[in-house]
Amino acid sequence: MHYHIGVIRGDGIGPEIVNEALKALNKVSEKYHRDFKYEDILMGGCSIDVYGVPLTDDAIMAARLCDAILMGSIGGDAKTSPWYKLTPDKRPEAGLLKIRKALKLFANLRPAHLYPELRSACPLRDDIIGDGFDVMIVRELTGGLYFGKKETWVIDGVATAIDELKYSENEIRRVADKAFQIAMKRNKKVTSVDKANVLESSRLWRKIVDKEHEKYPEIELIHMLVDNCAMQLVRDPKQFDVLLTENMFGDILSDEASMIMGSIGTMPSASLNETAFGLYEPSGGSAPDIAGKGIADPIAAIVSAAMMLRYSFNMTEEADAIESAVKKVLADGYRTIDIMPGKGSEIIGLKEVSTAEMGDLIAKAI
Ligand code: IPM
Ligand code: MG
């Protein structure tokens, strides 16, 4: 049996970090006798350059026929890239939103845990870190502000713009259910984040999450306002197990959570639908400022590949092997520049390596 993996390298650091994730997958394939077939799919700026649009219908069709998708990142420098002279619906980001919607990838899992080895890269105080934290963010991915009606109009020379924030109970229910299921396999605690003191959509969110919770009596459910949650993530991240939230709040909180891991370059993600299919990508962006320099951190991409093995292919041992290899290489003192603690690091035995060296070391450790 072979596994058909769509590979979206994308833009910026995307191609570099995907290369490293493929090294890990190739090592898994060799060691565990797994047959992975890769198919390149264009999305983002690189697709605009060829087809004039960030995602073609053929690309969506190709993605649909895969068992899972491994993705790098899309987008460029909004100030200098010609992609941003196009209308918003033709820009790189529109491709990502389109594939999420087309493949119904409504649940975005973003794990934020601290590798003990990266303690010195974490900006939080030692007493706050304690013995570490492990938060699974479950972000709704195909609704809310991202997909609501958008419009700009001008009356008497005054411009006004609107983005609609809409959620149906079905959209809330399915992602809440996903969060509860995930919590059942972890510490059985869900913090649902909303802005129910202001937003109508959040009040519905709370009501439906409460209703769904009735099916999971073993789980402790806490509702938290998003502004408080942003504060709690840096005040005491250990209080969280599964953090469930809507699309926009999840976008913002997951970037915040990635920073307390040490670097956005280490946070993977899985975007899932109702089937075993998933799209796996680092949570961070295309980082055009460091693209092509060979310094990007490939860990998020490599661990995203591990998530793919775990969630789409049910290959627990193989996924564990990749994650252990990442830990071993960090324990051995290897770091890309984003997770180097700075001056004096060599003295404590840390060694700075390039993107490709990091990928080689991790593949070798599998
Ligand atoms: C992310 C990114 C995307 C998002 C952008 C590139 C559209 O920030 O995956 O978090 O906002 O969802
Ligand atoms: Mg984001």
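This is a predicted model: local features need pLDDT of at least 70, side-chain atom pairs count only at pLDDT 80 or more; totals for chains, interfaces and linings use all residues.
Me: What are the bounds of domain 1 and domain 2?
Reply: The domain assignment gives domain 1 as 1–109 + 266–366 and domain 2 as 123–260, and the C-alpha centres of the two lie 24 Å apart. The contact between them takes 16 residues from domain 1 and 17 residues from domain 2.

Me: How much area do domain 1 and domain 2 bury between them, and which residues of domain 1 lose the most?
Reply: The two domains bury about 1500 Å² between them, with 67% of it on carbon and sulfur atoms. On the side of domain 1, the residues that lose the most area to domain 2 are F106, N108 and M267, which together make up 40% of what that side buries.

Me: What is the count of residue pairs in polar contact between domain 1 and domain 2?
Reply: Four residue pairs, both members at pLDDT 80 or more, are in polar contact between the domains. The elements giving two or more residues to the side of domain 1 that touches domain 2 are α4 (92–102), β4 (107–113) and β11 (270–272), and the residues of that side divide into eight nonpolar, four polar and four charged.

Me: Why is the pair of Y146 and ligand 1 called a polar contact?
Reply: A polar side-chain atom of Y146 lies 2.5 Å from an oxygen atom of ligand 1, and the cut-off is 3.5 Å, so the pair qualifies. For D251 the corresponding value is 2.9 Å, and for R110 it is 2.8 Å.

Conventions: Residues are numbered from 1 along each chain as its sequence is written. Chains are lettered from A and ligands numbered from 1 in the order in which they are written. Side-chain values use heavy atoms; hydrogens and water are left out. Domain bounds come from an automatic or database domain assignment. Contact means heavy atoms within 4.5 Å. Buried area is the accessible area (1.4 Å probe) that two parts lose on being put together, summed over both. A polar contact is a pair of N or O atoms within 3.5 Å; within protein, one must be able to donate a hydrogen and the other to accept it, and residues adjacent in sequence count only if both atoms are side-chain atoms. Helices (H or I, at least four residues) and strands (E, at least two) are DSSP runs, numbered from the N terminus. Ala, Val, Leu, Ile, Met, Phe, Trp, Tyr, Cys and Pro count as nonpolar, Asp, Glu, Lys and Arg as charged, and the others, Gly among them, as polar.
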